[in-house]
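Please consult the sequence and the structure shown below while reading.

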Amino acid sequence: MRLSKYYLPTLKEAPKDADTVSAKLMLRAGLIRKTASGIYEWLPLGLKVLKKVEQIVREEMNAAGSSEVWLPLIQPKELWEESGRWAYYGKELLRIKDRKGAEFCFAPTAEEVITNLVRRDVTSYKQLPVSLYQFASKFRDEIRPRFGVMRAREFYMKDGYSFHADEESINKHYQEIYDAYVRIFTRCGFKFKPVEADTGAIGGNFSHEFMVLADTGENAIANCPLCGYAANTEKAEIKPPVYPAAKDLKPMEKVATPGAHSVEDVAKMLGRKPEDLIKLLVFVADGKPVAALMRGDHELNEHKLKALLKASELEKANEEVYVKLTGSSVGFAGPMGLKEKGVKLLADYHVRGVVNGVAGGNEKDVHTINVNPGRDFEPEIYADLKIAAPGDTCGKCGGRFTFTRGIEVGHTFKLGTKYSVSMKAEFLDEKQKSKPFIMGCYGIGISRVVAAAIEQSHDANGIIWPAPLAPFDVYLASIDADINPKVKETAEEVYKKLTDAGFEVLYDDRAERPGIKFKDADLIGIPHRIVVSTRTLEQNECEYKARTSKDTARWNLVEIAGKMKEAAAK
């Protein structure tokens, strides 16, 4: 491809609202342009990378025994009502009406449509298992789109689904897809890690996230160096600490704490440490209030709380609920007396170790000191409710967690019968008994993969593409071609030789200064750069430089195709 005919509008500076390395470089390198908040146009260079990711994914999904389909982006309300998600999905679901007033949504995911498809055509265990996948644009109305294409409202993904007669079948296929994902991200040239994860709004009972490791990653990953267990911090299982029997318990006493709502304010006012405080958080789970206790320096993990309660919906209580349950507002609410009022009271394991602590006094501007679990309140359940953090130990073996950061690019779920039961998607087993399909769900954010590659591999000059994802293999530049016809002639010959040898070449034949060409070459990140100039032709040579190297080399023009094959194989 000749750059003079290629649409590649690069920028010297990134727009001010670009908030990540990948967003800045994708905009500067002419991969994308912003249409509206969270909505982007993909330009030729970006689309080439996107399609390379797509093809790798397609090949490995086919090899895993899954068949490609094309599902509608506009989906009828009725299907989402069957699954119960029309109301549950909330404001992220973009709802629309046609000219007749019928309601639809712009698909954020495809569980309902794929379940409807299979339930109409698959009726017997003899037709199972079935595994289908698609590539499609999706839309989720994010309240605050950010991170460029990584947290966009419109995005491109591969979503796959499988249908099974029994647990043995889905376990086998889940592992096949898991292995396919490992091959996909290995082929993409990533340093990555599969970790256990929460199932979120998709539902199900088991899932893994595939994380591209990057210091700028939005997700924290807890790793156990002893047993190899890894999970995102929302899922990571923490070993319950063992505390000695408490001694020298002091009598409770109420103290004035005017205006001190936060843990930090209360600790400072009373001369205590944050870990001495017991904070009470009230939620509404499936319409019923529930209270959770955390140590002051710890953060509650809502995913763990929701799973413990087996709740379909969980949301933070408003001020009115706090006042009704405790008699005070947020910040001054404490656990004393709640159990007697019939409120479900849960506590994280670490609360058990607080001795003569501080809790809300259930009165405005009042806290209670010398509060002790077991004596002054008794939770219904102690459980692992905190987000994993430095100092925590692995729930599998007791090893101390280390932490890295990553970008989620893929997610696999065992959905069980969540959708097949609600949508009455059933088959006849060997005994002609009707049973619901057991389902799996397997997603990869294709557009996120492109951004993740840049977050993991870049420098101060621009993108450094891993070779399998690079939009072109070689950047070829001619220097002085406007004043030296031999340079132009030779560059054309090199272009043909490399193209005939099977390389994708971006030939920079623009009448620009060398500095501009080289800056653009580094910015767009093509793995190999070849330069033909008057100076190199004096020795019948060209100049070669790898994007990852500071050094240049001279190649004889006669050997250029062979030399390029050697360099590409390294």
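In what order do the five strands of the open sheet with mixed pairing stand?

The model is predicted. In it, the order of the five strands is β28-β27-β29-β30-β31, and they form an open sheet with mixed pairing. At the edges stand β28 (505-508) and β31, each of which pairs on one side only. On average, neighbouring strands of this sheet are turned by 25° against each other, direction ignored.

Within this sheet, β30 and β31 run antiparallel and are joined by four bridges. Cys 542 has Trp 555 in β31 opposite it.

## The second largest pocket

Which element gives the most to the lining of the second largest pocket? That element is α15, with five residues. By residue class, the lining of the second largest pocket consists of 14 nonpolar, five polar and five charged residues.

## The three-stranded sheet

Another open sheet has three strands, in the order β4-β6-β5, and its pairing is antiparallel. Because β4 (74-76) and β5 (94-97) each have a single partner strand, they stand at the edges, and one side of each is left without a neighbour in the sheet. Neighbouring strands here are turned by 40° against each other on average, again with direction ignored.

The antiparallel strands β5 and β6 (residues 103-106) are joined by four bridges. In one of the bridges, Leu 94 has Phe 106 of β6 as its partner.

Is Thr 109 buried or exposed? The relative accessible area of Thr 109 is 4%, and a residue counts as buried under 20%; Thr 109 is therefore buried.

The side chain of Thr 109 also has a polar partner. A polar contact of 2.4 Å joins it to the side chain of Glu 111.

Key:
Residues numbered from 1 in each chain as written. Predicted model: local features only at pLDDT ≥ 70, side-chain atom pairs only at ≥ 80, totals over all residues. Heavy atoms only, no water. Helix = DSSP H or I, 4+ residues; strand = E, 2+ residues; numbered from the N terminus. Nonpolar A, V, L, I, M, F, W, Y, C, P; charged D, E, K, R; others polar. Pairing = 2+ DSSP bridges. Axes fitted to C-alpha atoms, helices over the stretch in contact; angles between N-to-C directions. Buried < 20%, exposed > 50% of the residue type's maximum accessible area, 1.4 Å probe, protein only. Polar contact = N/O pair within 3.5 Å; in protein donor to acceptor, adjacent residues only side chain to side chain.
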